[in-house]
Every structure is written in structure tokens, then in C-alpha cells.
Amino acid sequence: MDRPLRLISSNPLDQLARTLEALLVVASAPLPLEELAAAADDDPERVETALGLLRGPYREGRSGFVLERVAGGYAFRAAREAAEACGRLFERPVQRGLSQAALETLAIVAYLGPCTRPEIARIRGVAADSAVAGLVERGLIAEAGRSDEPGGAVRYRTTPLFERVFGLESLSELPRLDDVGTGAAEIRDRLQTVAERRSA
């Protein structure tokens, strides 16, 4: 005997979670809560609740992607177990691919920026032109205006991609530099702890 067709009622919050899932998949950068709410045409509190529903299935060890709060917004990233395969498919600007000079320069900009090439060179004790150019090319730092000094050297700051690569919601999550010197090696070591924490 044929059973009567039953309509399955769909929870509106589940529908919202699916919409958010689609928005995060097509986004090229982390999306802040307000932007997600505007795109979904829904209340920010409901959006936050729906994001909570997505965190369950999209967490480390359960899926190929992980939903994370990073760079001031929400984004999907590849699960750690898939990182090696993703690295073979795409050349990614991850911290492991940075030279010591680039990592020192990046750390100085992260902790002390916006700062200029001459300021970076004074801290490192060597010219920073090549390291700065490489970091700009990778999208990890960007121009942030000019200094007030004569000649107006270009200032550099970190980008949202830097926060995303290092798994930071904002620069305030960097380890504090209290009681540590401001030499390049000390600053680099602090940034390295961020990279190690992200890959642990």
C-alpha cells in the first residue's frame, strides 16, 4: 500500500544557515556579520545563531572545510588534513613559504605598522626593499599612505589576507611584546608563535 506523500517542513533557521553557507562559499574574503546579515536580508542576531549551526558540521575533523572567525569576519578554510593537497593545487602565501628576512619584515609591520621601509631597515639592520616588495606581491602587506617626513616614504600595513593566513580575528590577537626587545629577531619569534599555534 502506497504511503501518502508527507510535506517536510523546513526550519527557517536551517534555510538561513544554507544561505549563509552559499555566501561564504562564493566570497573571496572573510565576511563580517553585518555584511552577511545585509546579503541574507535577515537580522544579525539570527545570522549569528545560524552561523552557530554551521560550525558543527564544518569543524576540524568533520569536513574538508572549517568555518572560522578570522580577519574581522567569517570564512571557510581548508581543513588541516587537506592542507598539503591544497598546497599542491594552489601556490598559497603561507608562513612556511616565507624567508627569514620576509618573516622578520612581516612581523615588524604587524607589530609596529604602519611603518616605512627605512624604519623597517633600521630595526632589522639591513635594507628591506626586497622583503617588502615580496610581501606586497603576496598580498600580505599593502601601502597605507605616506609618512610626514620630507620625501614622504610609503607606509605599509598588514592586510586582511595576513590575518586570514595566520588565523587571527584581528591584530589584537598577536602575542604581546611586553618585556621583549623590539629587535627583528624578537619580533619575528613572536610572529612565529602565531604560525605554530595555527598549525598545532
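Two strands are taken to pair if DSSP finds at least two bridges between them. Helices (H or I, at least four residues) and strands (E, at least two) are DSSP runs, numbered from the N terminus. The model is a predicted one, in which local features need pLDDT of at least 70 and side-chain atom pairs count only at pLDDT 80 or more, while totals for chains, interfaces and linings use all residues. Residues are numbered from 1 along each chain as its sequence is written, and side-chain values use heavy atoms, with hydrogens and water left out.

The chain contains nine helices and five strands. From the N terminus, these elements follow the order α-α-α-β-β-α-α-β-α-α-β-β-α-α. Of the 200 residues, 36% are buried. Here buried means under 20% relative accessible area, exposed over 50%, and partly exposed in between (1.4 Å probe, protein chains only).

The β1 and β2 strands form a hairpin, with two residues between them. Their pairing is antiparallel and runs over six bridges. V70 stands opposite G73 in β2. In the turn, A71 has a positive phi of about 50°. Most residues other than glycine have a negative phi. A positive phi, about 55°, is also found at D41, which is not a glycine. D41 sits in the loop between α2 (33-40) and α3. This residue is exposed, at 71% relative accessibility.

The structure holds three aromatic pairs. Rings of Phe, Tyr and Trp (its six-membered ring) pair if their centres lie within 6.5 Å; planes under 30 degrees apart count as stacked, over 60 as edge-to-face and the rest as tilted. Y58 and F76 make an edge-to-face pair, at 4.8 Å centre to centre and 65° between the planes. This pair links distant parts of the chain. Y58 lies in the loop between α3 (44-55) and β1 (65-70), whereas F76 lies in strand β2 (residues 73-78), 18 residues apart. Y58 is buried at 16% relative accessibility. F76 is buried as well, with a relative accessible area of 8%.

F76 also pairs with F65. The ring centres of F65 and F76 are 5.2 Å apart and their planes stand at 55°, so this pair is tilted. F65 lies in strand β1 and F76 in strand β2, so the pair ties together parts 11 residues apart in sequence.

F65 is partly exposed, with a relative accessible area of 38%. Together with V25 and V26, F65 forms a nonpolar patch on the surface, and the three have about 290 Å² of accessible area together. Patches are made of residues with over 30% relative accessible area and no salt bridge; like charges are joined within 9 Å, and nonpolar side chains (Val, Leu, Ile, Met, Phe, Trp, Tyr) within 5 Å. A salt bridge is a side-chain nitrogen of Lys or Arg within 4 Å of a carboxyl oxygen of Asp or Glu. Accessible areas come from the Shrake-Rupley method with a 1.4 Å probe; for residues, only the protein chains shown count as cover.

T49 and L16 are 33 residues apart in sequence, with 9.6 Å from C-alpha to C-alpha.

An open sheet of three strands has the order β3-β5-β4, with antiparallel pairing. β3 (115-116) and β4 (141-146) stand at the edges with a single partner strand each, so one side of each has no neighbour in the sheet. β3 pairs with strand β5 (residues 154-158) in the antiparallel sense, over two bridges. The bridge partner of T116 in β5 is R155.

The largest nonpolar core has 22 residues. Such a core is a set of buried Ala, Val, Leu, Ile, Met, Phe, Trp, Tyr and Cys residues joined through side-chain atoms within 4.5 Å. L98, L106, I120, L135, L140, I141 and F162 touch the most other members. Two or more residues each come from α5 (100-112), α7 (129-138), β5 and α8 (160-165). The largest share, seven residues, comes from α5.
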